[in-house]
Structures are given as structure tokens and as C-alpha cells.
Amino acid sequence: MDRSSRPRSRGPAPLVAVAAAAVLTLAGCSSSHGGKKAEEEAANAAAGKADTPRMTVALVTHQAPGDTFWDTVRKGAEAAAAKDNVKLVYSADPNAGNQANLVQNAIDQKVDGIAITLAKPDAMKGVIAGAERAGIPVVGLNSGVSDWKKLGLLEFFGQDESVAGEALGDKLNTTGAKKIICVIQEQGNVGLTQRCDGVKKTFKGTAETLYVNGTDMPSVGSTITAKLKQDSSVDTVVTLGAPFAMTAVQSVGDAGSKAKVATFDLNKELVKAVQNGTIEFAVDQQPWLQGYLAVDALWLYKNNGNYSGGGEQPVLTGPAFVDKSNVDKVAEFAAKGTR
Amino acid sequence: MSMSQQAQPAVDRPPASGPKRTDGRTARRPLPLRLLARPEVGVFLGALAVLVFFLITAPPVRDGSSMANILYQSSTIGIMALPVALLMIGGEFDLSSGVAVISSALTASMISYQLTLNVWTGVIVALVASLAIGAFNGWMVVKTGLPSFLVTLGTFLILQGANLAVTKLVTSNVATDDISDMDGFGQAKKIFASSFDVGGVQVKITVVWWLVFAALATWVLLRTKYGNWIFAVGGNKDSARAVGVPVTFTKISLFMLVGFGAWFVGMHNLFAFNTVQSGEGVGQELIYIAAAVIGGCLLTGGYGSAIGPVFGAFMFGMVQQGIVYAGWNPDWFKAFLGVMLLGAVLINLWVSRAATRR
């Protein structure tokens with residue numbers, strides 16, 4: 001006992017001194033602008049908590065690692081879980097077979113409810129039937145608006161990617177765009193392709209697809225620049241994710257083009273760009289709301305037997321457009337990473 | 001513990017002076033043949049062929065600003081391809097180089113933002129972190145004797161996961177926050193991500209850095225003792241050690257050089273785009289390695305040049321952007337890229353065979 005306490009008591013003193021010295025040194029070169037300090041001025045509102053018995057909900061999505069969109073979905077789900085006294089188990093895999101395994105894993109854990117995305121509905125058929133046999137309610141979110149009923153899900157929250165694309169195409173018609181490029185950051189991604197196809201379906205001008213290497217931002221930038229040089233008649237660049245929209249703005253400048261930029265999805269930098277007019281508008285399917293509603297719905301079903309849409313109609317979370325007219329309202333939430 | 005202590009003195013012996021004079025056993029071959037036998041000649045011709053091809057098929061490429069854009073794309077690959085090539089000449093691989101770029105950018109961004117410090121503090125911390133990652137890779141490879149393929153595959157996975165997890169833990173997002181309004185950003189942007197005017201064309205500064213680093217690497221490789229050590233440890237480690245080359249030092253420093261490159265490109269990414277996505281960088285390591293191999297470096301080590309990877313990176317950038325300038329069906333993009341690269345490598349192979357046959 002004594003032996004173990006002595007070295008410990010001697011240890012911290014030099015450590016503390018070094019740490020203090022480091023802090024002092026670092027403080028000497030602190031930034032007077034921006035940074036965490038500025039962010040912390042925006043306070044976070046705390047919500048209440050339900051006193052219903054603890055339950056477990058599994059959320060299984062087809063997220064690719066590091067995708068900002070899914071991060072927002074997850075945050076919404078976490079917010080609902082915290083409020084409803086739910087233990088949330090999150091897992092994700094872009095590969096349909098692996099996603100099905102993760103659902104099976106949740107069934108084996110005997111969770112109280114499962115929320116899943118139906119990016120590839122056929123691959124999920126088996127495990128959804130399995131959940132039904134085990135008596136676990138399953139709700140759908142995000143993708144699968146045309147399949148959830150067939151597969152016997154309780155309810156659905158979200159919006160099909162192609163519907164979002166169609167809405168964006170319609171909106172572009174009103175801005176007078178004639179020729180657009182739709183920038184896909186991951187070749188072969190089903191959801192992204194659906195977005196661009198949706199845009200092409202309703203857009204009245206010409207639309208072209210451009211593939212970029214989404215894991216290498218400088219390459220994304222120079223490829224968009226190259227395309228704008230190659231075809232100077234392009235008047236709008238449509239990107240499928242907020243970070244790529246910010247890069248597209250730079251490319252437009254580099255190419256000396258006058259093209260405008262519109263995008264799917266939001267993040268806080270993007271909201272600022274809409275505020276100062278460098279980006280025309282963003283179409284938002286409210287990912288946070290999808291995650292929140294999915295978890296909250298399972299809680300409601302367990303505790304009060306409710307289900308939205310009566311098992312017949314999906315609950316649509318979008319398309320919500322964010323442009324100059326409403327961006328200020330969205331800005332404060334986006335700064336917290338919840339819109 | 002004790003094992004590494006025992007191993008230490010054996011490897012860190014000062015270098016004995018190796019034989020340097022040419023001994024006249026090989027007759028001087030005519031100049032054109034000697035030129036053709038240089039590792040970078042094949043790739044030079046390949047790059048030239050690709051350039052001419054796109055100048056003909058894609059009219060926008062003839063524009064100066066398009067060329068600046070292609071050079072920019074090439075430079076971000078090329079700056080990393082240089083240390084990767086040197087490491088390859090030294091007989092090792094680094095599969096973690098792609099995600100290490102992002103690790104470095106994330107470190108600088110998060111240190112500056114979360115502690116609200118001048119961004120230069122973040123930049124310095126990121127440099128230290130990048131060099132440490134390189135040193136760790138090198139140390140593991142040298143001390144364990146495992147293939148660098150395995151060791152750096154491990155670091156690749158560790159960094160890929162850590163990039164995501166640490167970013168999420170610290171910022172509670174999967175991307176870092178915008179640091180463009182913080183102190184020192186403007187200065188750093190000037191160094192890492194500005195552009196300047198050349199006869200009305202905006203050229204990115206990374207192009208200059210790329211060429212400066214290439215010149216430096218060429219000089220080191222061909223004119224210094226350290227350059228000889230690189231060739232020696234890549235050719236045959238044991239005989240290199242026998243003639244007094246500090247193998248451990250050379251290999252670890254080469255890995256650290258890759259760390260330096262990752263830091264530099266990471267800083268460019270950060271100051272060019274203000275934020276960093278934690279999932280980026282995966283797959284880039286293969287592009288760096290490809291640029292080095294197309295540039296005439298042997299996968300087995302001991303052979304190559306620093307100027308070859310410059311053309312290799314240029315060829316990659318040219319093909320990547322040229323396909324877009326030419327306006328070809330984008331669904332085929334990756335397939336075109338593959339065919340072009342394979343074609344270029346074949347030209348490379350054919351030239352070097354033809355040159356060394358006689």
C-alpha cells in the first residue's frame with residue numbers, strides 16, 4: 001500500500017510544472033480571433049428526460065466512415081435517446097451484406113427496437129423478417145421510401161434521395177439555370193447517383209455528371225476547375241455534400257467562371273456561405289430530424305402504442321430549402337452541428 | 001527493453017569511407033544510350049506522349065490556366081511522391097502516407113481551434129506529430145525486421161481510425177471547425193496555399209514547392225553521402241551495413257521524410273480549404289506509390305531517381321484532369337485512367353529495356 005502511494009505522490013510535481021510551463025508557453029501564442037472560445041459563447045440548451053423504463057434501440061445505417069451527413073443523423077438519434085431514457089446502439093456499414101449482419105447482431109442482443117436505413121432493401125428482407133419473428137419493432141429512416149411498407153416496417157422517416165434531387169431540379173428551373181454539372185464524390189454510390197438522377201429528371205436545361213475523388217480535396221478542386229474550363233457554358237455547379245460545395249466555390253474562382261453553386265446537405269461553414277451569398281441555396285432533408293424521429297418513434301410505440309402515418313404513409317423530413325430568405329434562422333442550429 | 005539496448009551500438013556505428021573512384025572496369029557508353037538508361041527517361045517520354053495526346057484531343061488544355069490547374073493537381077501528388085520515392089529507393093514502403101496527410105492537417109486544425117491558439121502553434125505541433133509517426137514506422141520496421149508493408153498497413157489502419165475517432169471525440173463532428181478567422185492563418189496560407197500571377201495565369205504555390213523539393217531531393221540523392229546511403233540500404237541492407245552505412249539511421253530518417261511530406265501536404269489541405277474532413281486520404285497512398293513507380297523507382301528498392309516521380313506525378317495529374325478537359329463520358333473515368341497509366345508504364349518499360357540491352 002505504502003509503497004505504491006509514495007512514487008505517485010512524488011510523480012505529479014514535475015509533471016505539473018512541465019504542464020504549467022507548456023500552458024504558459026501556449027498561452028503566449030493564443031489567437032485573439034475565432035477558435036473554441038468564440039464557439040463556446042453559443043450556449044447549449046438542455047432538454048428534460050423521460051422517466052419511462054430504460055430501453056435499448058439499435059440504429060443501423062449504411063454510413064461510410066467520416067460522412068458528415070450521417071454524423072448529423074446520429075446526433076439526432078442521440079438527442080432523442082438522451083431525452084427518452086433510451087440506450088442507443090449505433091452501428092453502420094456501407095456494404096449491404098455487412099449492414100444486414102449488424103441488424104442480425106442487434107436482434108441477437110434482444111434490443112427493444114431497431115431503426116434501419118434501406119439503401120439496398122432486398123438485402124434487408126431476411127433480417128427484417130427475423131426481427132419480426134423475435135417480436136422487435138423495426139422502423140425505417142432516410143432511404144427506402146418506396147420499400148418500407150412492402151418489407152413490413154412499422155413506419156418511415158425521411159425522404160428518398162431522388163425526391164430530394166427532383167426538388168432541387170425544380171428549384172434550379174426557377175433560378176434560370178441552363179447548364180449544370182452534378183458533382184458525384186464517390187463513383188458507384190447508389191444514393192448519390194439517385195440524387196443526380198433526380199435533378200436530371202426535373203431540370204429543364206442540360207445536366208452533366210462529374211466524378212471527383214472525394215477522399216482528396218485538392219483533386220476535387222482541380223477537377224471541378226478543369227470541367228468549368230472545358231465547358232464555359234456551365235452556369236450552376238451542384239454538389240452532393242456541404243464540404244464539396246465549399247471547394248466548388250473556390251474552383252469557380254480559379255476557373256474564372258461565373259457559375260453559381262447549389263448543394264445538398266448543410267454544415268455550419270455552408271450556412272455562413274449561404275448567408276454571404278457565395279452559395280445560392282442548399283436542399284436539406286433534415287438528417288438530424290430523421291435520426292431523432294426514428295428513435296423517438298420506437299419509444300412512443302413501446303410506451304404508448306403510437307405509430308406515425310398509421311403504417312400507410314411515410315413521414316417526410318424534406319426537402320427543406322435553405323437560402324438567403326431563411327438562412328439566419330437555421331444558422332444558430334447549424335453552428336451546434338444539429339442542422 | 002533490454003533487446004533494443006543491445007541492438008543499439010551495433011547499428012549506429014559511424015560510417016567508414018566507402019570506395020568512391022570509378023575503377024575503369026566498365027567502358028563509357030555513348031551519351032544517348034547512357035541518357036536512355038536513366039530511370040526517369042521512360043517516364044519523361046510517357047509524360048510527353050500523354051501531354052501531346054491531350055493537347056491534340058482536348059483544346060482547353062492548350063490554355064495557360066488549364067496547365068496551371070494540371071500542375072497544381074500534379075504538385076499535391078508530387079510533393080508526397082518525392083519522399084515516398086526516396087523511401088522506395090531505400091527499400092521500404094509506407095502505406096500510411098495517405099491518411100498521415102489528413103492526420104497532420106487534423107492535428108494542426110484541432111490544436112489551434114480547440115485551445116484557441118495562433119495557428120502556427122498547431123502547424124508546429126502537427127510537424128512534430130508527423131515526424132513522430134514517421135519515426136515510429138521506421139523504428140518498428142528496423143527493430144522488428146518485419147516487412148514495411150505490414151508495419152505501415154498497421155499504422156494506416158490505426159491512423160484511419162484515430163483520425164475519425166479523435167476528431168469525433170474532440171469536435172463532436174467528423175470534420176474540423178473553420179479556422180480561417182484565427183491569428184496567423186493569413187501568413188500560413190501565404191506559405192502553404194497561396195497563388196501568384198505568371199503572365200496573367202494564377203499559379204498555385206505548391207507547384208513551386210514541388211519543384212524546389214524535387215531539386216533538393218535530386219541533389220541529395222546524387223551529390224551527397226546520404227544519397228549514397230539511400231541507394232545502398234535499398235540495394236542490399238546487409239552489405240550496406242558491412243561497408244559502414246548507418247542502416248538504422250537512414251531508414252528511420254527516410255520514414256520521417258515521408259512524415260515531413262505528409263505534414264506539408266496536410267498543411268496545404270488545411271490552409272486551402274479551412275476545414276478538414278476526417279475520412280479523407282484513404283487510397284492516396286497508392287497514388288503516391290504509383291507516381292513513384294511510374295517515375296522509374298523499383299518496387300524492390302535500390303534503383304530510381306527523384307526527378308522521375310516528378311514526371312510520374314505530372315502524368316497522373318495530366319491524365320486525371322485531361323479526361324475532364326476532353327469531356328469524355330465520366331462513367332468511364334477510372335477505366336480511362338487505368339488504361340492511360342498502364343500504357344505509360346509500358347512505354348517506360350520498353351524504353352529502359354531498349355536502352356540497357358546493348
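Trainee: Which domains does the domain assignment of chain A give?

Mentor: Domain bounds come from an automatic or database domain assignment. For chain A that gives domain 1 (55-159 + 287-318) and domain 2 (161-284). This is a predicted model, where local features need pLDDT of at least 70 and side-chain atom pairs count only at pLDDT 80 or more, while totals for chains, interfaces and linings use all residues. Residues are numbered from 1 along each chain as its sequence is written, and chains are lettered from A and ligands numbered from 1 in the order in which they are written.

Trainee: How many residues of domain 1 of chain A are in contact with domain 2 of chain A?

Mentor: Two residues are in contact if their C-beta atoms, placed from the backbone, lie within 7 Å. Here 6 residues of domain 1 of chain A contact 11 residues of domain 2 of chain A. On the domain 1 side, 2 of the residues are nonpolar, 4 are polar and none is charged. Ala, Val, Leu, Ile, Met, Phe, Trp, Tyr, Cys and Pro count as nonpolar, Asp, Glu, Lys and Arg as charged, and the others, Gly among them, as polar. The domain centres, taken over C-alpha atoms, are 29 Å apart.

Trainee: How many helices and strands does chain A have?

Mentor: Helices (H or I, at least four residues) and strands (E, at least two) are DSSP runs, numbered from the N terminus. Chain A has 13 helices and 12 strands.

Trainee: Why is A:Val295 called buried?

Mentor: A residue is buried if 20 or more other C-beta atoms lie within 10 Å of its own, exposed if 12 or fewer, and partly exposed in between, with C-beta atoms placed from the backbone. A:Val295 is buried because 28 other C-beta atoms lie within 10 Å. This residue sits in helix 12 (residues 287-304) of chain A. Beyond its neighbours within four places in sequence, A:Val295 has contacts that include A:Val57, A:Leu59 and A:Ala115. Of the 339 residues in chain A, 50% are buried.

Trainee: Where is A:Thr215 in chain A?

Mentor: A:Thr215 lies in the loop between strand 7 and helix 9 of chain A. With 21 other C-beta atoms within 10 Å, A:Thr215 is buried. Leaving out residues up to four places away in sequence, A:Thr215 touches B:Glu280, B:Gly281, B:Val282, B:Gly283 and B:Gln284.

Trainee: Which helix of chain A gives the most to the side that touches chain B?

Mentor: The contact takes 39 residues from chain A and 49 residues from chain B. Helix 9 of chain A gives the most to the chain A side, with 10 residues. That side has 10 nonpolar, 18 polar and 11 charged residues.

Trainee: At what angle do the axes of helix 7 and helix 8 of chain A cross?

Mentor: Two packed helices are described by the angle between their axes and the distance between the axes. The axes of helix 7 (residues 161-175) and helix 8 (residues 190-202) of chain A come within 6 Å and cross at roughly 35°. Axes are lines fitted to C-alpha atoms, for helices over the stretch in contact, and angles run from 0 to 180 degrees between N-to-C directions. By class, this contact has 5 nonpolar, 7 polar and 7 charged residues.
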